[in-house]
Amino acid sequence: MITDEKLNEVARTLWADLYEEDFRGKSRGRFALKRSQLKEALGVERLHASTIRRLQDIALAKGLAIIDLDDLFPCIEVNVLRRYRKPPSEVFARVFSDDTGSSREEEDEVIDFDEDED
């Protein structure tokens with residue numbers, strides 16, 4: 001099992017070093033790690049979901065969000081995410097209102113494909 005010390009070290013390195021590194025035409029900022037790169041950084045052969053969650057929690061506390069996309073791990077500053085535009089209440093309500101006239105029960109109807117059709 002990977003130690004919290006190692007997870008703290010990797011989270012600090014991702015945030016303080018890699019995030020600030022100049023590459024791909026940017027002087028600093030968001031980046032994405034391949035799964036193999038994250039395994040290498042952590043020094044593990046298998047990457048368990050519990051390890052990823054623990055790393056995410058530690059990194060989040062430092063200000064770095066790590067998103068698990070299975071084979072890719074985008075990393076972005078939490079403050080950038082907090083500044084994303086938020087929909088006004090009326091827009092949210094309009095988009096999520098059920099004005100189609102159909103009920104949720106109809107949409108969730110289960111279809112049995114084993115029945116014989118005439």
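The conversation below goes through a predicted model, from its core to its strands and charged residues.

User: What should I know about the model before I start?
Analyst: It is a predicted model in which local features need pLDDT of at least 70 and side-chain atom pairs count only at pLDDT 80 or more, while totals for chains, interfaces and linings use all residues. Residues are numbered from 1 along each chain as its sequence is written, and side-chain values use heavy atoms, with hydrogens and water left out.

User: Which residues touch the most other members in the largest nonpolar core?
Analyst: They are Leu14, Leu38, Leu42, Leu55, Leu64, Ile66 and Phe73, in a core of 22 residues. A nonpolar core is a set of buried Ala, Val, Leu, Ile, Met, Phe, Trp, Tyr and Cys residues joined through side-chain atoms within 4.5 Å. Buried means under 20% relative accessible area, exposed means over 50%, and partly exposed lies in between (1.4 Å probe, protein chains only).

User: And which elements each supply at least two residues of this core?
Analyst: Helix 1 (4-18), helix 2 (35-42) and helix 3 (49-62) do, as do strand 1 (31-34), strand 2 (64-66) and strand 3 (72-77). Helices (H or I, at least four residues) and strands (E, at least two) are DSSP runs, numbered from the N terminus.

User: Take Leu14. What is it in contact with, leaving aside neighbours within four places in sequence?
Analyst: Leu14 is in contact with Tyr19, Phe31, Leu33, Leu64 and Ile66. Contact means heavy atoms within 4.5 Å.

User: Changing topic: how many bridges join strand 1 to strand 3?
Analyst: There are 4 bridges, and the two strands run antiparallel. Two strands pair if DSSP finds at least two bridges between them. Within this pairing, Phe31 has Cys75 in strand 3 as its bridge partner.

User: What about strand 2 and strand 3, how many bridges there?
Analyst: Strand 2 pairs with strand 3 over 3 bridges, also in the antiparallel sense. Leu64 has Glu77 in strand 3 as its bridge partner. Strand 2 and strand 3 form a hairpin with 5 residues between them.

User: Which residue in the turn has a positive phi?
Analyst: Asp70 does, at about 80 degrees, and Asp70 is a residue other than glycine. Asp70 is found in the loop between strand 2 and strand 3 and counts as exposed because its relative accessibility is 55%.

User: Where is Arg24, and what is its phi?
Analyst: Arg24 is in the loop between helix 1 and strand 1. Its phi is positive, about 55 degrees, although Arg24 is not a glycine. Arg24 counts as exposed, at 81% relative accessibility.

User: Back to the strands. Is Glu77 buried or exposed?
Analyst: Glu77, which lies in strand 3, is buried, with a relative accessible area of 16%. Not counting residues up to four places away in sequence, Glu77 touches Trp15, Tyr19, Arg28, Gly63 and Leu64.

User: Which residues are linked with Glu77 in a network of salt bridges?
Analyst: Glu20 and Arg28 are linked with Glu77 in that network. A salt bridge is a side-chain nitrogen of Lys or Arg within 4 Å of a carboxyl oxygen of Asp or Glu. Between Arg28 and Glu20, the closest N and O atoms are 2.9 Å apart. Arg28 is partly exposed at 35% relative accessibility, and Glu20 is partly exposed with a relative accessible area of 39%.

User: Why can such side chains pair at all?
Analyst: Side chains of opposite charge can pair when their charged atoms come close.

User: How many salt bridges does the structure hold?
Analyst: The structure holds 5 salt bridges. One of them is between Asp4 and Arg54 (2.8 Å, N to O). This pair links distant parts of the chain, with Asp4 in helix 1 and Arg54 in helix 3, 50 residues apart. Asp4 is partly exposed at 44% relative accessibility, and Arg54 is partly exposed at 21%.

User: Last one: what is Lys34 in contact with, neighbours within four places aside?
Analyst: Lys34 is in contact with Asp71 and Leu72. Lys34 has its place in strand 1 and is partly exposed, with a relative accessible area of 48%. Its C-alpha atom is separated by 9.8 Å from that of Leu69, 35 residues apart along the chain.
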